[in-house]
Amino acid sequence: METSVQYLGKHAIVIGSSIAGMLAARVLSEFFERVTVLERGDIGGPLEPRRSVPQGHHAHFLLKGGEQSMENLFPELVQDMVELGSVPVRISQDIISSGFLEQPRRDLDITCHCQTRGLLEYCLRRRVNKHLNIETRWGCSVTALLADRTKRLVLGVRYRDKAGMERSLDADLVIEASGRGAQSQRWLEELGFGSAPTAEIGVDLGYSSAIFQMTEDPTRDWKGLVIAGRPPEDARWAAVLPIEGNRWIVTLGGRFGQYPPIDYQGFLSFTHSLPNPAIYDALKDARMVGDIHRYRFPTSVWRRYDQMEAFPERHIPIGDTICSFDPLFGQGMTSAALQVEGLREALINRTERNAPLEGLTNEFLRRAAEIAEIPWAQAVEQDFQYPQTKGERPLLDEGAARYRTHLNALIWEDIEVQRRFTRVLHLMDHPKTLHEEPIYSKVRAHIQEHPDLVGVEGQSN
């Protein structure tokens with residue numbers, strides 16, 4: 001996807017080679033003469049998780065909305081992944097949900113792809129490296145932002161290189177994409193802007209993951225499994241997803257003390273104690289490859305940079321730097337990709353109006369907040385099914401709750417409702433489409449036909 005736009009500046013810096021960082025570098029290469037990516041970690045093996053990504057050993061599911069967004073930036077990216085072993089899966093047909101998350105098994109005409117995070121990042125990195133005006137410097141830790149005398153305009157960064165030398169690098173635009181542990185809050189305080197208002201949801205999630213070599217079973221009619229206990233009593237869940245090399249990645253999770261163990265026998269026992277023993281049956285004769293990895297995720301965090309009274313020009317946080325979601329719902333990579341698309345639209349808007357870079361930051365932060373709001377609301381609504389969850393509980397009026405209950409009931413009866421609902425979950429469509437025709441009339445009719453319905457067994461509201 002190349003454009004004929006004029007360059008907006010000579011040099012842009014991206015802090016972090018995260019998925020958001022690589023996608024941002026790709027976009028910036030259209031608008032700046034050169035782009036430098038500064039990554040504090042080492043690259044490691046081609047398909048291995050980066051050492052700076054502690055959750056890289058765990059299951060990552062790329063929602064369809066994120067896949068489409070990445071392909072908009074990198075045409076035929078999915079073909080690259082499939083050639084390296086990524087597994088196509090039909091949502092609600094090849095991946096079965098059981099227990100509390102159960103839904104009808106139908107082909108919704110939505111195909112996603114499963115692979116390790118390492119494979120996805122490798123394919124993105126390989127595409128980024130084809131852009132001659134993008135340079136990645138590994139082992140470089142950014143220590144500060146450089147600003148003008150007023151501290152209102154960011155002019156570059158100070159960083160420590162792989163040899164431990166302190167260096168400075170000037171830029172017309174600095175993108176902060178180093179993830180949840182980003183230093184933006186500290187840098188804003190150092191520049192005199194104070195801290196951003198922050199929303200935190202205490203989810204207290206712990207999970208363990210391992211890779212298994214698949215066993216042959218001609219009777220198996222699924223490619224992946226997701227099993228969850230019923231809240232609030234049972235806060236456990238498990239997911240089996242196919243990955244490259246004819247293997248499964250298996251992630252077990254729980255909240256508020258119901259964490260999975262990290263020893264092999266305990267790992268298997270956890271799967272056996274779930275509401276459905278299907279995962280245990282699949283793993284008991286399979287061979288585990290490598291170690292079991294553990295990760296804890298205490299809180300979801302949304303830094304509301306868009307609500308600050310002032311923000312330095314030419315500095316833009318993006319991806320997990322803005323919003324770090326409950327990983328159970330697989331929204332982080334897709335939200336980041338959609339934010340990068342929003343950044344590209346803002347940059348195109350500036351070139352078409354021949355406008356300066358000043359004002360770009362605030363324009364983007366407003367757009368990023370609109371993008372983050374949807375997956376944040378979806379996740380938080382599920383998180384508060386557990387009374388131990390900490391944070392500000394979302395308000396859902398009686399009419400909205402009633403509409404959602406009947407919408408969930410219709411998922412079992414109407415494939416079009418299920419398809420539309422799934423497209424919203426995959427961040428392909430806006431939630432408002434669930435209130436448009438013909439869905440709206442179907443829900444209203446269901447309310448009239450079942451006035452006493454107050455909840456739906458087996459569905460998540």
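Predicted model: local features only at pLDDT ≥ 70, side-chain atom pairs only at ≥ 80, totals over all residues.

User: How many bridges do S11 and S15 have between them?
Analyst: S11 and S15 pair over 13 bridges in the antiparallel sense, and within that pairing Ala 199 has Trp 302 in S15 as its bridge partner.

User: And what stands opposite Trp 302 in S17?
Analyst: That is Cys 323. S15 and S17 run antiparallel and are joined by two bridges.

User: Is Cys 323 buried or exposed?
Analyst: Cys 323 counts as buried, because its relative accessibility is 1%.

User: What about S12 and S13, how do they pair?
Analyst: Strand S12 (residues 224–228) pairs with strand S13 (residues 236–243) in the antiparallel sense, over four bridges, and Leu 225 stands opposite Val 240 in S13.

User: What holds paired strands to each other in general?
Analyst: Strands of a sheet pair through backbone hydrogen bonds, and the pairing can be either parallel or antiparallel.

User: OK, what about the sheet with S7, S8 and S9?
Analyst: Those three strands form an open sheet in the order S7-S8-S9, and the pairing is antiparallel. Its edge strands are strand S7 (141–147) and strand S9 (166–170), each pairing on one side only, and from one strand to the next the twist averages 25°. Between S7 and strand S8 (residues 154–160), which run antiparallel, there are six bridges, and Ala 147 has Val 154 in S8 as its bridge partner.

User: Then which residues have a positive phi without being glycine?
Analyst: Phe 256 is one of them, with phi near 50°, and its place is in the loop between S14 and helix H6 (264–272). Leu 427 also has a positive phi, of about 55°, and this residue lies in the loop between H11 and H12.

User: Is Leu 427 buried or exposed?
Analyst: Leu 427 is buried, because its relative accessible area is 10% and the cut-off for buried is under 20%.

User: Back to cysteines, how many disulfides are there?
Analyst: The structure holds zero disulfides. Cys 114, for instance, is in no disulfide, and the nearest cysteine sulfur, belonging to Cys 112, is 7.5 Å away. Cys 114 counts as buried, with a relative accessibility of 2%.

User: How many cavities does the search find, and what lines the largest?
Analyst: A search of the whole structure finds one cavity of 30 Å³ or more, and the largest cavity holds about 50 Å³ of space. Its lining includes Ser 17, Met 22, Val 37, Arg 125, Asn 129 and Trp 138. At least two lining residues are supplied by each of helix H1 (19–28), helix H4 (117–128) and strand S6 (134–138).

User: Last one: where is Gly 245, and is it buried or exposed?
Analyst: Gly 245 is in the loop between S13 and S14, and it counts as exposed because its relative accessibility is 52%, where the cut-off for exposed is over 50%. The C-alpha atoms of Gly 245 and Leu 84 are separated by 8.8 Å, although these residues are 161 residues apart along the chain.

Technical notes:
Residues numbered from 1 in each chain as written. Heavy atoms only, no water. Pairing = 2+ DSSP bridges. Axes fitted to C-alpha atoms, helices over the stretch in contact; angles between N-to-C directions. Buried < 20%, exposed > 50% of the residue type's maximum accessible area, 1.4 Å probe, protein only. Disulfide = S-S within 2.5 Å. 1 Å grid on protein atoms, 1.4 Å probe; cavity = no way out; pocket = protein on both sides within 12 Å on 5 of 7 lines; lining within 4 Å. Points joined across faces, edges and corners; volume = space filled by probe spheres on them.
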